[in-house]
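Please look through the structure below with some care, and keep it in view while you read. Some questions and worked answers follow it.

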Amino acid sequence: MAEITLVQAVTQALAHEMQADPRVIVYGEDVGINGGVFRATEGLQERFGGARVIDTPLAETMIAGIAVGMAAQGLRPVAEFQFMGFIYPALDHILSHASRFRNRTRGRLSCPIVYRAPYGGGIHAPEHHSESTEALFAHIPGLRLVVPSSPARAYGLLLAAIRDPDPVIFLEPKRIYRAVRQEVPDSGQALPLDRAFVLREGGDITLIAWGAALKETLEAAEQLAAEGIQAEVIDPATLKPLDIHTVIDSLEKTHCCVVVHEAARFCGLGAEVVAQVNEYAFDLLKAPVQRVTGYDTVMPYYQLEDKYLPGVTRIVTAVKEVRDYAKGRGL
Amino acid sequence: MHKPRMQPLASFDIASLQYLDERGQTTQTLPDFATPDALVAHYRQMTLTRMVDGRAVKMQRTGQLGTYPSSLGQEAIGVGVGAAMGGEDVYCPNYRETGALLERGVAIEEIYAIWGGDERGQNFRHAREDLPLSVPIATQILHGAGVAFALKYKNAHLNEPARVAVASGGDGATSRGDFYEAINLAGEWKLPLVVVINNNQWAISLPRSEQTACKTLAQKAIAAGIPGLQVDGNDVIAVRQAVAEAVGLARNGGGPSLIEAVSYRLCDHTTADDASRYQSKETLRDAWSREPLVRLRTYLDSAGLWGDNQEEELQRELTQTLEKGVRNYKETPKDAATAMFDHLYAALPEAFLEQYQQLQGGG
C-alpha cells in the first residue's frame, strides 16, 4: 500500500465520505479544478463533479454562513477556509449560528458542518498565513475543535468530524502537511473524537502538544530519552471537548507536566490544561505545570518565525526545570 | 482639458409596484389571487398581527415579556410574504416578522416564548424546516442562500420537489456584507432564493437616507446580477404579487430575486427604544396616513366586502385567538435548568457532565 502524507489523508477522507454519502458537499475558494491551494481537494471535482465540489466566490463570511443553511436542510457541508488567518470574517456565523442552531431550536435544526482550515506557522508564508488561534474557537460553546497530527489521525478524525452531528472546526497543521508519510488504508474507519492519543509512553514527565508542535515535542522526547528521561507524549487531538482523563492517567505515573503549543500563551489552551490539572489532579503534581508556547506577540513575519515557534531546546529546558523543581522539593 | 470619450455599456431600471394607493383605491387591475376571500383573509391576518404585537408591547411594559420588536405598520409585508410562499418552502426570517410567522403557522405562544426568554419558542410545531428568528443583522440571508443551495441540490440530485427559500431583512441589513455576499452568490449559483427587504425607514435611529446613497435598496440587486423590484410595502396585494412572482421564478429554475418593500416603522425599534428621541412627530403622523391596515379596510369597505358587523365579529374572534395564545404562553412552566445543556450537542460530551450534574443539583 502506498504511503501518504497528511494532506493526502485529508483528500482520502473527503473522497471516502463523498462516495459514501451524497449529502456531503465540499466547497471553498479554489477547491475545484485547482484542488485547493494546498491540494487538499485534489481530484475531487473531477471525480464527484462540480455540483458537489464547488468553487465559491471570494467571501469567507458567505462560506461560513451558507453552511448553516445547507446543514439545516440535511446536507453535510465541508467548507474550506484557505488559511486560518482569513477565517475571522466567518466567526459571526460560527459563533452566533452554527454552534447555536441545535440549542436555539431545541433540537429541531442542527448544523453538522465541518469548517476546515490549514493553520500554524513555519512555512515561510506572508503575514496572516501562519496563525494559530485555535483558542478563539475552543471558547465557543457547542463546537468541537479537532487538530490532527499525522496522516492516520487526519484521515480517521476527518471521517469522524464529517459524520458528527454537530459543527466541527478542523484545523490542519500545514507545516506537517507533507512532513511524514504513512500507510493509511482507506477503510472508512473513523477515529474517536473527544479522546486523546498517547503517542509515546514514559514514566518521568507528561508532554501535551497538538498539531505541528508535536513534531518538536516528539523530538524533544527522543532527546530526553537519550539522557534517561522518559517522556509520555499526549496528543489531545480533540481540543474541545478536552479529554483530561488521559492526561490525569498519565500524571498518576509522571507527576510532572509540560504543555506545548504554537499559539500565544495568554488564554491559550495551555491555560485550560493547567486549570483542569489543578482542579482534578493537584495532588498528583510534584511541580507546577509549565507552558512552552508562542510568545504573546503578533506572529512575526517569517524571518523571525523560528524564534517564535516553540523549538526542541525550549521544550527540553522546560522539562528539566520542572523536574529540577520536583527534585528540589525532595519529591 | 482632456475629456475622455466613453461608450455606454449597460444601463438598468428599477420598477415599482402598487395596486392599492394610500387612500385604498386601486391603481390597476388586481391580480387573480386577489379574490374577496383572499383579501379578507389577508385583512384578518394583518389585524391579528397588529393585535399580537400590541399585546406583546403591553406585556413587556408590565413585566410579563422581555424586549420585543414590534412590526406595527409593516403587517402587509409579513402577511404578503407568508401568503406568497408555499407551505413546503423555507422561510429564513429576521427578528421583526410577527406577520409572516403567523402566516407560516408559528403559534402566538411560540412567538411570545421567544421574546419571553424561552428557546422552546423557536422549536416551531409547524413550519418545522423554517429557520429560527435571527437576531444578528442579515446573517439569515446567507443561511437562506445555503438553504436554497440545499433545496436546489436535493431537487436535482436526490429527487426532492422544487422548493424555494425566502429570507427577510430590514433596510439596515442591506448595508451588511452578509446581504451582498448572499445575493452575489445566489446570482452566480442561480439559487432558488427570494430576499425581501422590509424598508421601514429606520435602523434603530439611523434613517434610510443615511443608510446608503442608493436611491432605492432594490437597485442593489443590479450589482449582484439578479432582478430587483421595489413594491409598496403597505399594500399587501403588491407584496404578495411581487413575492409570488419571485417565488415562482425561483421554483422554475430562474434564480433569485430581491424585493424591497417600502413601509414605515410606526413603533419604536423595540420596547427598549424610544423613537421620539430621533423621529419627529410630523414624520410619524405623515407615515400613519399610509399605513397598511386602514388602506385595505377602506378598499374592502368600498368594494362592499366588509362592514362594521364583520369587523366586530372579526375582533371578537381574534381576541379569543389572542387570549388563548397569551394564556398558553403564561401557563407554560419554565424549562428545566439542564435544558441549556440538553441541546448543546446531539449527545453531551463527557467533559461537560460534571457541569451538567452541578446544574441538575441546583447549581
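The questions and answers below concern this predicted model.

Q: How are helix 3 of chain A and helix 5 of chain B oriented to each other?
A: The axes of helix 3 (residues 60-72) of chain A and helix 5 (residues 139-157) of chain B come within 6 Å and cross at roughly 55 degrees. Angles under 35 degrees would count as roughly parallel and those from 65 to 115 as roughly perpendicular, while the rest, apart from those over 145, count as oblique. Helix 3 of chain A and helix 5 of chain B are therefore oblique.

Q: Which element gives the most to the side of chain A that touches chain B?
A: The contact takes 35 residues from chain A and 38 residues from chain B. On the side of chain A that touches chain B, the residues divide into 15 nonpolar, 13 polar and seven charged. The elements that give two or more residues to this side are helix 3, helix 4 (91-98) and helix 5 (101-104) of chain A. The element that gives the most, with nine residues, is helix 3 of chain A.

Q: How many residues of domain 2 of chain A are in contact with domain 1 of chain A?
A: Chain A is divided into domain 1 (3-183) and domain 2 (197-328), and the centres of these two domains, taken over C-alpha atoms, are separated by 27 Å. On the side of domain 1 of chain A that touches domain 2 of chain A, the elements that give two or more residues are helix 6 (134-138), strand 6 (144-146), helix 7 (151-163) and strand 7 (168-173) of chain A. Domain 1 of chain A brings 27 residues to the contact, and the number from domain 2 of chain A is 23.

Q: How far apart do the C-alpha centres of domain 1 of chain B and domain 2 of chain B lie?
A: In chain B, domain 1 takes in 15-24, 31-275 and 286-332, whereas domain 2 takes in 337-363. The C-alpha centres of domain 1 of chain B and domain 2 of chain B lie apart by 36 Å.

Q: Does B:Arg50 count as buried or exposed?
A: The place of B:Arg50 is in helix 1 (residues 36-61) of chain B, and leaving aside residues up to four places away in sequence, B:Arg50 touches B:Leu72, B:Glu75 and B:Leu293. A residue is buried if 20 or more other C-beta atoms lie within 10 Å of its own. Because B:Arg50 has 22 C-beta neighbours inside 10 Å, B:Arg50 counts as buried.

Q: Which residues in helix 2 of chain B are met by residues in helix 1 of chain B?
A: Helix 1 of chain B and helix 2 (residues 75-84) of chain B pack at an angle of about 130 degrees, with their axes 9 Å apart, and these two helices are therefore oblique to each other. From helix 1 of chain B come B:His42, B:Gln45, B:Met46, B:Thr49 and B:Arg50, and in helix 2 of chain B they meet B:Glu75, B:Ala76, B:Gly78, B:Val79 and B:Ala83.

Q: Where is the place of A:Pro241, to which the peptide bond from A:Lys240 is cis?
A: Most peptide bonds are trans. The bond from A:Lys240 to A:Pro241, however, is cis, with omega near -10 degrees. The place of A:Pro241 is in the loop between strand 12 (238-240) and helix 9 (244-254) of chain A.

Q: What is the phi of B:Gln201?
A: Most residues other than glycine have a negative phi. B:Gln201 lies in the loop between strand 4 (193-199) and strand 5 (202-203) of chain B, and counts as buried because 20 C-beta neighbours lie inside 10 Å. Although B:Gln201 is not a glycine, its phi is positive, at about 80 degrees.

How values were computed: Residues are numbered from 1 along each chain as its sequence is written. Chains are lettered from A and ligands numbered from 1 in the order in which they are written. This is a predicted model: local features need pLDDT of at least 70, side-chain atom pairs count only at pLDDT 80 or more; totals for chains, interfaces and linings use all residues. Axes are lines fitted to C-alpha atoms, for helices over the stretch in contact, and angles run from 0 to 180 degrees between N-to-C directions. Helices (H or I, at least four residues) and strands (E, at least two) are DSSP runs, numbered from the N terminus. Domain bounds come from an automatic or database domain assignment. Two residues are in contact if their C-beta atoms, placed from the backbone, lie within 7 Å. Ala, Val, Leu, Ile, Met, Phe, Trp, Tyr, Cys and Pro count as nonpolar, Asp, Glu, Lys and Arg as charged, and the others, Gly among them, as polar. A residue is buried if 20 or more other C-beta atoms lie within 10 Å of its own, exposed if 12 or fewer, and partly exposed in between; C-beta atoms are placed from the backbone.
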